[in-house]
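Take a look at the model below. The text then walks through a sheet, a chain contact and a helix.

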Amino acid sequence: MPLRHVTPAAPSSFPVRIWRGGADGRFELYDVPRHASQTVLDVVSHVQRHIDPTLAYRYACRVGMCGSCAMTVNGKARWTCRTHVDAVTTAGTLEVAPLNHLPIIRDLVVDMAPFFDKWAAARGAFMPTATRHDDFARVAPLSPQRRAIDATIECIGCAVCYSSCDVVGWRPDYLGPAALNRAWTLVNDVRDGGGDARLQAVAGDAGCLSCHTHQSCTERCPKQLAPTAAIAGLKRLVALAVVKGRL
Amino acid sequence: MPRRGPAVPSARAAAWRFVLQRASAAALALCVVVHLATIIYAVRHGLSSAAIVARVRGNAVWPAFYLLFVVAVAIHAPLGLRNVADEWLGLRGRGVNVLAVAFGLLVLGMGLFAVRTLAG
Amino acid sequence: MLPKAPAAPLAEPRGVRGKSRRNDARARTHPAYWAFVVHRVSGVALALFLPLHFVTLSQALARPASFDAFLAWTHQPAVRLAESLLVLALAAHFAGGVRLLLVEFVGWRADWQKTAIAVAVAAALACTLLFAMSA
């Protein structure tokens with residue numbers, strides 16, 4: 001989408017709809033000055049600093065590293081600090097809402113607890129088997145398992161994928177792409193002792209088996225990860241495990 | 001110490017449903033190719049009922065093929081519908097399992113009857 | 001410098017904590033999502049059609065003479081159209097299903113995904129046209 005040229009000497013303003021309130025809140029309209037290279041985070045910050053200080057929102061690094069600023073922009077979950085207004089504004093309107101599928105605390109702030117609870121339920125934590133007396137583990141960097149980990153380890157838990165996944169919307173207990181993606185990295189970790197217990201945690205109707213390959217997660221992940229691939233890998237392992245009687 | 005999340009019920013049952021769904025899908029992939037090919041063949045050649053019946057009853061492979069087809073569908077369709085019922089109609093737990101099994105038995109019964117009629 | 005207070009103070013949010021917002025159509029514009037919709041709709045249609053299929057087939061086969069009459073009836077354009085839609089459903093569900101089996105059991109390559117969907121669509125349409133034009 002071509003950048004609209006904005007003359008610095010005469011900045012225009014444009015309407016922005018921002019979600020206010022809780023789950024039964026509503027969109028409020030704000031008039032925000034338009035600048036070149038403006039990000040959605042710039043817009044939200046402007047509203048909070050110059051128009052309405054009661055607007056609640058989250059951000060931290062503002063340079064696309066932490067994932068704290070994730071919100072729903074024109075219906076799609078994105079990092080607002082890395083979303084240029086010009087790139088997403090359709091028909092001149094910008095709509096900013098909190099992430100979907102997570103309880104709204106207020107305005108653009110959601111409760112991330114369910115997201116991380118499911119991370120824990122998927123046994124998304126490393127389970128060590130060695131002690132300080134053991135030698136370092138030797139992991140071949142080009143082994144298939146390590147390459148599988150490399151492809152998906154960069155997840156920073158921003159919840160954009162979780163928010164984008166319709167299965168999460170349809171099944172409240174579905175663990176979601178991020179938790180399953182993390183479980184996949186651990187399943188492939190030769191040092192990890194999670195074993196079949198982790199496979200059991202990610203099987204079931206609430207686990208990897210309910211993924212319908214919408215690929216919304218892969219489509220939206222700001223780090224270009226592919227949770228769909230990780231979940232497919234888990235499906236294979238779960239199928240193998242149950243057929244061999246290990247589940 | 002992370003908070004404990006929701007327990008995952010009956011992983012083994014769900015995993016078996018998944019395996020059956022995918023295995024029957026693979027079987028059906030072969031069956032459907034054959035089925036579509038025969039249907040298109042019959043339509044293109046304008047086969048009469050006598051011709052179709054004669055071909056089907058003339059070779060023991062056909063009834064066996066359709067038997068496999070029916071069994072695979074009786075496994076595959078209910079499991080698929082079960083997901084749809086759960087996700088889009090909110091039917092969960094024992095109720096949806098009963099419905100799935102009932103539909104499977106219905107399809108199996110009707111299908112076996114059709115195969116028997118086909119085989120003559 | 002303190003920002004100005006809002007002209008009309010926001011009413012105290014009566015938000016029910018614990019409720020969330022949902023996706024709408026804007027989050028469902030990528031090809032893989034539509035492939036899922038086609039797969040699910042075709043699957044449900046086929047599942048619901050199946051009992052009818054078995055009944056008509058059994059009845060027609062039980063009496064060969066009426067099977068001929070049945071075949072003649074299927075030559076009507078409206079019936080042919082309905083049959084073509086069924087073939088489309090079957091071919092689409094089959095092609096999409098093969099794609100899913102490949103993704104789940106053979107492996108994932110990011111650059112093959114859209115191609116795989118395109119191939120599935122093409123195969124389904126080709127099969128349907130082959131049937132429909134043979135009427």
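Strand β1 (residues 13-20) and strand β5 (residues 94-97) of chain A pair in the parallel sense, over 3 bridges. Pairing requires at least two DSSP bridges between two strands. Strands (E, at least two residues) and helices (H or I, at least four) are DSSP runs, numbered from the N terminus. A:I18 has A:V96 of β5(A) as its bridge partner.

This is a predicted model: local features need pLDDT of at least 70, side-chain atom pairs count only at pLDDT 80 or more, and totals for chains, interfaces and linings use all residues. Residues are numbered from 1 along each chain as its sequence is written, while chains are lettered from A and ligands numbered from 1 in the order in which they are written.

The open sheet of chain A has 5 strands in the order β2-β1-β5-β3-β4, with mixed pairing. β2 (26-33) and β4 (76-79) of chain A each have a single partner strand, so one side of each lacks a neighbour in the sheet.

Now turn to chains B and C. Here 27 residues of chain C are in contact with 27 residues of chain B. Contact means that C-beta atoms, placed from the backbone, lie within 7 Å. On the chain C side, α1(C) gives the largest share, 12 residues.

C:G107 follows α3(C), with a positive phi near 135°.

Note on methods
Contact = placed C-beta atoms within 7 Å.
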